[in-house]
Amino acid sequence: MKLTKILLAGAAIALATMGSAAQAADMKIALVVKSLGIGFFEAANKGAQEAAKELGGVEVIYTGPTSTTAEGQIEVINSLIAQGVDAIAISANDPDAVVPALKKAMDRGIKVISWDSGVAPEGRIMHLNPSSNALIGKMCLQLAANHLPDGKGDFAILSATTTSTNQNIWIEEMKAQLKDFPGLNLVTTVYGDDLADKSYREANGLLTSQTNVKVIVAPTTVGVLAASQAVKDAGKIGDVYVTGLGLPSEMAGAIQSGATKEFAIWNPIDLGYSATQIAYRLAKGETDAAPGSEIEAGRMGKIKVGDGGEAAMADPFVYNASNIEEFSKIF
């Protein structure tokens, strides 16, 4: 009788083990963000999880450091290497500092792409821009001009970190295209490190030290929200406006208060979805992401890889009082 019980128990354990193995993901894709707790990246994770469910047999590991540092991301990458993930899709805090760790990952057979904020080419297979860098730069300038009478006046930029790849590229694009906006005068650029409290302090600093500035352009979702709150708290609504790249769910209040007239962003849900689709195709060996190749990306269609192994997802979309209520319910 005891032997029968032992055999039955053993069979039950074996069946449970088989069931767990059957349910285990065939592929693990890590979505590494600049920092946890940022709405933009949480929305991107929604898209990544959507893609994983659609593809089947895929586990998305949403992870990142607790602050926007390269050191924190390096620790995360080393942990993912130890876990033996199949692919890493990273939005980098520093384009160069994370390269050695990512090269180590690729040496172990892990497919690496960057998205949103890029990695130097030697540290990844390809990079997915949320939009064309030139279009993003132009959009930020157009938004600034739209907030000024006759498109003329002083503006300042509130960025993320000094090493943030995408932020620096967009700022350079803005500077390069200023000639097309002769009424705009860029006074200064300050950095809030994608931290709400520091971004708020930097915005306040602009309000007190740069009294001629009429628009603050923040091409970062953390910065644009913090600056809008700073303008409201300082009683400067109508005197100073804030615009840039923001999330509808976070910026609805700024639109309602008048601190912001309009802002832009691509859909971060689509961005996380696309990055996961690309990482999956690479890990499956369906593409090598060589320049000129097209990668299947589910409902986003085919994404074409350009020179330098870079691709663009979509143009920025403008949000204002006419559509903010609709989109704030989505992301």
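The questions and answers below cover a predicted model of one chain.

User: How many helices and strands does the chain have?
Analyst: The model is predicted. The C-alpha trace spans about 90 × 45 × 35 Å along its principal axes. Of the 331 residues of the chain, 52% count as buried. The chain has 11 helices and 14 strands.

User: Among contacts between residues at least 6 apart in sequence, what percentage join residues at least 24 apart?
Analyst: A contact here means heavy atoms within 4.5 Å. Take the contacts in the chain between residues at least 6 apart in sequence. The share that joins residues at least 24 apart is 70%.

User: What span should helix H6 have, and how far apart are its end C-alpha atoms?
Analyst: Helix H6 covers residues 165–177, which is 13 residues. At 1.5 Å a residue, H6 should span 18 Å. The value from the model agrees, because the end C-alpha atoms are 19 Å apart.

User: Which residues of H6 are buried, and what covers them?
Analyst: The buried residues of H6 are Thr165, Asn166, Gln167, Trp170, Ile171, Met174 and Gln177. Their cover includes helix H5 (133–146). It also includes strand E6 (153–159), strand E7 (184–191) and strand E8 (213–218).

User: How many salt bridges does the structure hold, and which residues share partners in one network?
Analyst: The structure holds 8 salt bridges. One of them pairs Lys302 with Glu296, the closest N and O atoms being 3.9 Å apart. Lys302 is exposed at 53% relative accessible area, whereas Glu296 is partly exposed at 40%. Shared partners join salt bridges into one network of Glu50, Asp270 and Arg299.

User: Which residue forms a salt bridge with Glu310, and how many residues apart are the two?
Analyst: Glu310 forms a salt bridge with Arg124, with closest N and O atoms 3.8 Å apart. The pair links distant parts of the chain: Glu310 is in strand E13 (residues 310–312), and Arg124 is in the loop between strand E4 (111–115) and strand E5 (126–129). The partner is Arg124, and the separation is 186 residues.

User: What is the volume of the largest cavity, and which element gives the largest share of its lining?
Analyst: The structure holds 1 cavity of 30 Å³ or more. The largest cavity has a volume of about 140 Å³. Its lining has 17 residues, with Phe40, Gln167, Pro219, Thr220 and Thr221 closest to the centre. The largest share of the lining, 3 residues, comes from H6.

User: How do the residues lining the largest cavity divide, and which elements give two or more of them?
Analyst: The lining of the largest cavity divides into 10 nonpolar, 4 polar and 3 charged residues. The elements that give two or more residues are helix H2 (39–55), H6 and H8.

User: Where is Thr220, is it buried or exposed, and which residues does it touch?
Analyst: Thr220 is found in the loop between E8 and H8. Thr220 has a relative accessible area of 4%, so it counts as buried. Leaving out residues up to four places away in sequence, Thr220 touches Leu158, Ser159, Ala160, Gln167, Asp194 and Leu245.

User: How much space lies in the largest pocket, and which element gives the most to its lining?
Analyst: About 200 Å³ of space lies in the largest pocket. Helix H7 (196–209) and helix H8 (221–233) each supply at least two lining residues. The most, 5 residues, comes from H8.

User: How many residues line the largest pocket, and which lie nearest its centre?
Analyst: The lining divides into 8 nonpolar, 6 polar and 2 charged residues. The pocket is lined by 16 residues, and those nearest its centre are Gly37, Asp194, Leu195, Ala196 and Val222.

Notes. Residues are numbered from 1 along each chain as its sequence is written. This is a predicted model: local features need pLDDT of at least 70, side-chain atom pairs count only at pLDDT 80 or more; totals for chains, interfaces and linings use all residues. Side-chain values use heavy atoms; hydrogens and water are left out. Helices (H or I, at least four residues) and strands (E, at least two) are DSSP runs, numbered from the N terminus. The expected span of a helix is 1.5 Å times one less than its number of residues. Buried means under 20% relative accessible area, exposed over 50%, partly exposed in between (1.4 Å probe, protein chains only). On a 1 Å grid over the protein atoms alone, a cavity is a set of points where a 1.4 Å probe fits but cannot get out, and a pocket is an open set with protein on both sides within 12 Å along at least five of seven lines; lining residues have an atom within 4 Å of a point. Grid points are joined across faces, edges and corners, and a volume is the space filled by probe spheres set on the points. Ala, Val, Leu, Ile, Met, Phe, Trp, Tyr, Cys and Pro count as nonpolar, Asp, Glu, Lys and Arg as charged, and the others, Gly among them, as polar. A salt bridge is a side-chain nitrogen of Lys or Arg within 4 Å of a carboxyl oxygen of Asp or Glu.
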